[in-house]
Amino acid sequence: MTPPRHEPFERDPNDPSGLNDANESHGVNEQYGVNEPHDSQVSCESADTENPGAPIDGGASDGGATNAASTPAQSAQSTQPAQPAHKNRFAWFRNRGQAKANQAKATAAAGAEAFKTKHRTLAKLFFYKFDRFSLSTKLVACTLVVLIVGTVGISTAIRQLVSSYLLQKTDNQLISQRSLILSNTTMLRGSNSQSSGMGNNYFLQVRYVENGEFTGKVSTPLVPSVAGLSGNSIVSMPKLPANSQITDDMFGKPFTTSAMLRTVTNDANGGFDLNGVDVVPNEGGNASGSGDTGGDTNNKAERFAAGGNVLQAARSPWRVAAFKWVESDGKNNETVKGVVFIGLSLSDQIDIINTLTQYCVTVGIAIVLLGGSLSALIIRRTLRPLKRIEKTAAQIAVGDLSQRVPPAPENTEVGSLSTSLNTMLARIERSFHEQEQTTEKMKRFVSDASHELRTPLAAIHGYAELYTMQRDLPGALERADESIAHIERSSQRMTVLVEDLLSLARLDEGRGIDMTQQVSLTSLVADATDDLHALDPEREVTRGTITLKPADGEHPCDFAIEEGQMQPISLIGDASRLRQVVTNIIGNVHRYTPSDSPVRVSMGTMLASIDQHTLATLPPTDASLRQFLDAAEVGQSMSTGTAYAVMRFEDHGPGAPAETRSQLFERFYTADPSRARAKGGTGLGLAIALSVVRAHQGFICATETPGGGLTFTIVLPLAHIDDGVGGVGGSGSGSAGAAAGAGVGAAGSAGIK
């Protein structure tokens with residue numbers, strides 16, 4: 001059974017055909033833009049035409065099997081009526097409105113995003129342009145802005161303060177002098193003819209009251225006239241409220257109102273008749289008046305132009321106060337007779353304010369110009385050191401590391417920056433030079449090591465070839481023994497060289513040294529001097545104790561030697577390494593000085609105001625020894641500092657030039673350019689001595705002996721900071737403290753307290 005077709009509107013009983021409804025629906029659809037036929041009708045007709053048994057609601061149909069399997073509920077749902085056409089139209093309009101609202105929101109969001117993007121672009125452009133200006137220009141511009149804002153703010157505040165003060169004084173004058181003004185009306189009116197411009201500034205008007213109502217009678221006994229324009233026929237008066245606008249809360253409270261110029265005539269009572277016409281000129285300078293002719297208007301305009309200042313004063317606003325006129329009958333009954341308006345022109349106050357404003361503007365401009373000029377000079381002078389720093393940095397960038405920033409007072413920012421930069425530049429230059437020296441030393445070391453190793457290797461190779469060539473000749477056995485002896489000596493020399501290089505490598509890595517042994521320096525030095533005496537029986541070897549001789553004004557402080565037995569001194573360190581140091585120095589004395597030249601060995605202890613780490617970093621030069629002596633002088637005078645053991649080995653041999661003394665401690669250094677080793681040695685003895693002394697946080701150097709020769713000075717701390725020893729010669733922890741106490745305690749003759 002085909003379901004009935006649902007009509008969009010109810011049918012009219014008088015119209016069985018339904019044409020009216022259809023026409024009406026068609027008209028409404030056209031009016032609201034809805035196309036026909038309606039969706040519900042189309043769906044219903046399609047369902048009727050294609051599948052009469054299918055549901056109207058658009059449910060899927062799988063043929064007769066599906067229709068046969070339909071439940072009663074689905075059949076009931078399929079037979080439900082469609083939505084009315086007017087509801088569909090409302091839904092269409094609602095959806096259309098929502099779409100427009102969504103589109104509007106999207107448009108607004110896009111506009112906001114575009115605005116933000118434009119704002120960010122403008123901000124970036126502004127800061128990009130702003131950053132292109134120099135620092136001095138920015139500072140001067142900011143200073144000018146601050147000066148302008150400050151000047152404008154102060155001028156505005158002064159103007160407002162003075163204006164409020166003058167207005168308050170005017171109000172007090174109106175309230176306190178109202179009785180005086182009423183009683184001296186005739187005198188004030190007469191002052192108009194004796195003054196120029198605005199003569200009398202007071203205005204007085206009385207509006208009479210009878211039985212609580214205004215009678216309409218108005219008396220104006222006092223009106224200021226404008227002298228210089230038209231005699232006494234033009235007056236300036238305030239614009240007052242009408243009678244109907246007067247309320248009780250207006251009495252006794254001054255208010256400001258505008259002014260108007262009017263022509264007046266004298267009345268019979270000696271007052272003024274205010275029934276004349278207004279003569280206040282308009283902005284173009286023409287006077288207006290209903291009774292003026294063309295010639296009168298032109299004449300008044302000329303007079304107004306001639307008296308512009310007077311006209312401006314006459315058109316100034318008024319300060320007016322209203323009071324009740326009360327009379328008493330003697331029986332405490334008061335009757336209100338009228339309302340009195342007393343006004344005072346604000347022309348003088350406005351003139352004062354204008355004059356003050358002009359003065360503030362003039363002074364402000366002068367302050368801004370003067371402040372801008374001074375700020376520009378100060379800023380340029382302040383930033384001048386930065387320009388010098390910039391130039392210095394440019395010279396350093398070229399490669400001149402000796403350049404320094406010009407000094408400035410250290411209490412200033414530029415001075416502090418200059419000091420820091422100079423310190424940094426000094427360290428950079430020193431590091432650069434040290435790197436160059438290290439590179440040069442490395443190159444020289446590789447060359448020297450190659451030469452030192454090549455010599456014994458060449459000897460071994462040569463004698464091996466010689467043995468090969470002569471082994472078949474007569475007497476080959478004797479020659480073979482000689483060749484083997486030379487090969488053995490060369491191999492021993494190479495073995496010593498390799499061992500010394502290995503020792504230096506271990507010392508450079510911080511290995512190969514034991515700092516936990518208690519060492520008796522006195523025994524080490526005594527054994528070394530005995531060995532030297534055994535090697536050179538004819539050499540005179542003297543011993544002594546080192547003391548510090550203070551400066552005497554002409555000569556700086558220096559070491560003094562007291563001949564005699566050496567005092568016992570002990571410290572914590574590596575006994576074998578320290579013995580190697582002393583042996584290397586004594587070996588150099590034996591090897592490079594005449595066998596009959598005298599030698600003096602001395603040692604002692606003293607305090608010095610220099611820490612161990614600083615002492616260990618000093619280069620082996622005369623200047624470093626002078627620095628230690630100065631620190632020892634301070635330590636002796638203040639009885640404070642670190643305790644050190646000092647050893648000196650003085651010989652009177654050929655010595656060494658001053659420019660090559662510091663090179664004695666370089667590896668493979670030799671004064672002989674041919675690098676001959678006729679006197680033995682590998683050229684690493686003093687380099688090993690330097691490494692061992694620095695490993696003990698000490699100092700070693702070579703100086704000239706008075707009278708000729710070379711003097712080696714060794715300074716070693718009695719107590720090492722790394723060992724945790726507390727105090728000089730105090731109760732340190734472990735064997736380090738005991739050794740330090742023993743070393744200092746035995747230095748009685750050295751002056752240690």
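**Notes on the predicted model: salt bridges, ring pairs and cores**

1. Let's start with a charged pair. R661 and D622 make a salt bridge, with their closest N and O atoms 3.3 Å apart. This one links distant parts of the chain: R661 sits in the loop between β15 and α18, while D622 belongs to helix α17 (residues 622-638), 39 residues apart. The two ends differ in how much they show. R661 counts as buried because its relative accessibility is 9%, whereas D622, with a relative accessible area of 38%, is partly exposed. Keep in mind throughout that this is a predicted model.

2. Next, the overall layout. The chain has 753 residues, and 35% of them count as buried. Its secondary structure comes to 19 helices and 17 strands. If you take the contacts with a separation of 6 or more, 68% are between residues 24 or more positions apart.

3. Back to the charges. How many salt bridges does the structure hold? There are 11. Another of them pairs R600 with E650, whose closest N and O atoms are 3.0 Å apart. Since R600 is in strand β14 and E650 in strand β15, this pair ties together parts that are 50 residues apart in sequence. E650 counts as buried because its relative accessibility is 6%; R600, at a relative accessible area of 25%, is partly exposed. R648 comes in here too: salt bridges with shared partners join R600, R648 and E650 into one network.

4. D536 and R539 are worth a look as well. Their side chains meet in a salt bridge, 2.8 Å from N to O. D536 has 5% relative accessibility, so it counts as buried. R539 is buried too, with a relative accessible area of 2%.

5. Now for an arginine without a partner. R577 is in helix α15, and although R577 is buried, it has no salt bridge. Which side chain of opposite charge is nearest to R577? That would be D574, 4.8 Å away, while a salt bridge needs the nitrogen and oxygen within 4 Å. Leaving aside residues up to four places away in sequence, R577 touches S503, L507, G512, I513 and V692.

6. The largest nonpolar core has 47 residues, and the members that touch the most others are L521, F649 and I714. Elements giving two or more residues to this core include helices α13 (476-508), α14 (521-535) and α15 (575-592), along with strands β14 (599-608), β15 (642-651) and β17 (710-717). Helix α18 gives the most, with seven residues.

7. Not counting residues up to four places away in sequence, F649 touches V525, V582, I585, I586, R600, V601, L710, T711, F712 and I714. R600 in that list is the arginine that bridges to E650.

8. What about the aromatic rings? A search of the whole structure turns up four aromatic pairs. In one, the rings of F203 and W318 have centres 6.1 Å apart and planes at 70°, so the pair is edge-to-face.

9. F665 and F712 give another edge-to-face pair, at 6.3 Å centre to centre with 85° between the planes. Because F665 lies in the loop between β15 and α18 and F712 in strand β17, the pair ties together parts that are 47 residues apart in sequence. F665 counts as buried, given its 5% relative accessibility, and so does F712, at 4%. F712 is also among the residues that F649 touches.

10. Last, a look at helix α6. It covers residues 135-176, has 42 residues and reaches 61 Å from its first C-alpha to its last, close to the 62 Å expected at 1.5 Å a residue. Which residues of α6 are buried? They are K138, V140, T151, S155, L166, T170, D171 and L174.

Definitions and conventions
Residues are numbered from 1 along each chain as its sequence is written. This is a predicted model: local features need pLDDT of at least 70, side-chain atom pairs count only at pLDDT 80 or more; totals for chains, interfaces and linings use all residues. Side-chain values use heavy atoms; hydrogens and water are left out. A nonpolar core is a set of buried Ala, Val, Leu, Ile, Met, Phe, Trp, Tyr and Cys residues joined through side-chain atoms within 4.5 Å. Buried means under 20% relative accessible area, exposed over 50%, partly exposed in between (1.4 Å probe, protein chains only). Helices (H or I, at least four residues) and strands (E, at least two) are DSSP runs, numbered from the N terminus. Contact means heavy atoms within 4.5 Å. Lys and Arg count as positive and Asp and Glu as negative; His and the chain ends are not counted. The expected span of a helix is 1.5 Å times one less than its number of residues. Rings of Phe, Tyr and Trp (its six-membered ring) pair if their centres lie within 6.5 Å; planes under 30 degrees apart count as stacked, over 60 as edge-to-face and the rest as tilted.
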